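Thanks for coming. I have one structure to go through today, so let me put it on the screen.

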Amino acid sequence: MEGLRLAWAPAPASRDGRRAVAWGLTRDLLRAEAVAEVRLTNPCPQCGGPHGPVRVEDAAWRAGVTYGGRFAVVGVVPGAGGGFAIDAEPLHDTVREAAGGVPGGVRRWVRVEAALKAVGTGLRIDAASVALEESADGAHWFADVPGVATTVHGLDLDGPPGILLSAAVVDTVVDTVPMSAR
C-alpha cells in the first residue's frame, strides 16, 4: 500500500479516551503529510451515529482506526476514493483462547475484518464466507468478499508488540451484487 502511514499508542479503556488517542494520532499523521486542517468524522453507515469508520473530510486521504489490546492503532493512505481499513488483535488473549480461539486463527481474523471494514460491510457478512489468498511472494494477500464485485488488497503490518495487524484497501467503487451475478 503505497503511502501508508501507521502509528499507535497505549490508550485508556474508556471509549472516549480511546477515541481521543486514536484521533490525535490520525491528526498527527496527516499533519506530517502537510494536511494543515484535519476534520475527522465517523458517522455510522446504518444509523448515522458517531461510531462508524473514521473519515477525513476535505483531504485526499483515507484513515483507519482499530484497537488491539491496550493500543489504539491508526493508519492513513493517500487517495480520496475507495475503502481503507485496518484491524488489530492481540496474538494471545486468555478469554478468546478459553472460548476455543478464532476459527482459522487470529491472522485470518485480522485480515478478514480489515477486508470487511474496507468494503463497508463490517461483520454483517459472515467472516467464514470470505476467501483469502496470499500473493505468490507472500508479501500481500487478497480477499474475495461475497456480494462485492471487486477484490480487496491486503497487507500484514508490523505493529505494537504482541499485536497482529493487517490493512486492506479497495481502490475502486465497491458495488454489491448478488452472488449469482458474479
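This is a predicted model: local features need pLDDT of at least 70, side-chain atom pairs count only at pLDDT 80 or more; totals for chains, interfaces and linings use all residues.

A34 sits in the loop that runs between helix 1 (15–32) and strand 2 (39–41).

Now the overall layout. The protein has 10 strands and three helices. In sequence order, the pattern reads β-α-β-β-β-β-β-α-α-β-β-β-β. For the dimensions, the C-alpha trace spans about 45 × 40 × 40 Å along the principal axes. The radius of gyration is 16 Å, and a compact globule of 182 residues would have a value near 16 Å, so the two agree.

A few totals next. Of the 182 residues, 43% count as buried. Taking the contacts with a separation of 6 or more, 49% are between residues 24 or more positions apart. The accessible surface comes to about 9300 Å², and carbon and sulfur atoms hold 54% of that surface. As for charges, there are 17 positive and 21 negative ones, and their mean positions are 6 Å apart.

On to the interior. In soluble globular proteins, nonpolar side chains tend to be buried together. Which residues have the most contacts inside the largest nonpolar core? They are L30, L40 and V74, in a core of 20 residues. At least two residues of this core come from each of strand 1 (5–10), helix 1, strand 4 (61–68) and strand 5 (71–78). Helix 1 is the one that gives the most, with five residues.

L40 shows what this looks like at the level of one side chain's surroundings. Setting aside residues up to four places away in sequence, L40 touches W23, T26, R27 and L30, and also V54, R55 and V56. There is also a second, separate core, made up of 17 residues, and V112, A115, V145 and V152 are among them.

P12 is in the loop between strand 1 and helix 1. Its relative accessibility is 41%, so P12 counts as partly exposed; the cut-off for exposed is over 50%. Beyond its neighbours within four places in sequence, P12 is in contact with G17, R18 and V21.

G69 belongs to the loop between strand 4 and strand 5. With a relative accessible area of 53%, G69 is exposed. Which residues is G69 in contact with, leaving aside its neighbours within four places in sequence? They are P90 and I163. One further distance here: the C-alpha atoms of G69 and H92 are separated by 9.4 Å, and these residues are 23 apart along the chain.

To go back over the main points: the largest nonpolar core has 20 residues, and a second, separate core has 17.

Terms used
Residues are numbered from 1 along each chain as its sequence is written. Side-chain values use heavy atoms; hydrogens and water are left out. Helices (H or I, at least four residues) and strands (E, at least two) are DSSP runs, numbered from the N terminus. The radius of gyration is taken over C-alpha atoms; the globule rule is 2.2 Å times the number of residues to the power 0.38. Buried means under 20% relative accessible area, exposed over 50%, partly exposed in between (1.4 Å probe, protein chains only). Contact means heavy atoms within 4.5 Å. Accessible areas come from the Shrake-Rupley method with a 1.4 Å probe; for residues, only the protein chains shown count as cover. Lys and Arg count as positive and Asp and Glu as negative; His and the chain ends are not counted. The place of a charge is taken as NZ of Lys, CZ of Arg, CG of Asp or CD of Glu. A nonpolar core is a set of buried Ala, Val, Leu, Ile, Met, Phe, Trp, Tyr and Cys residues joined through side-chain atoms within 4.5 Å.
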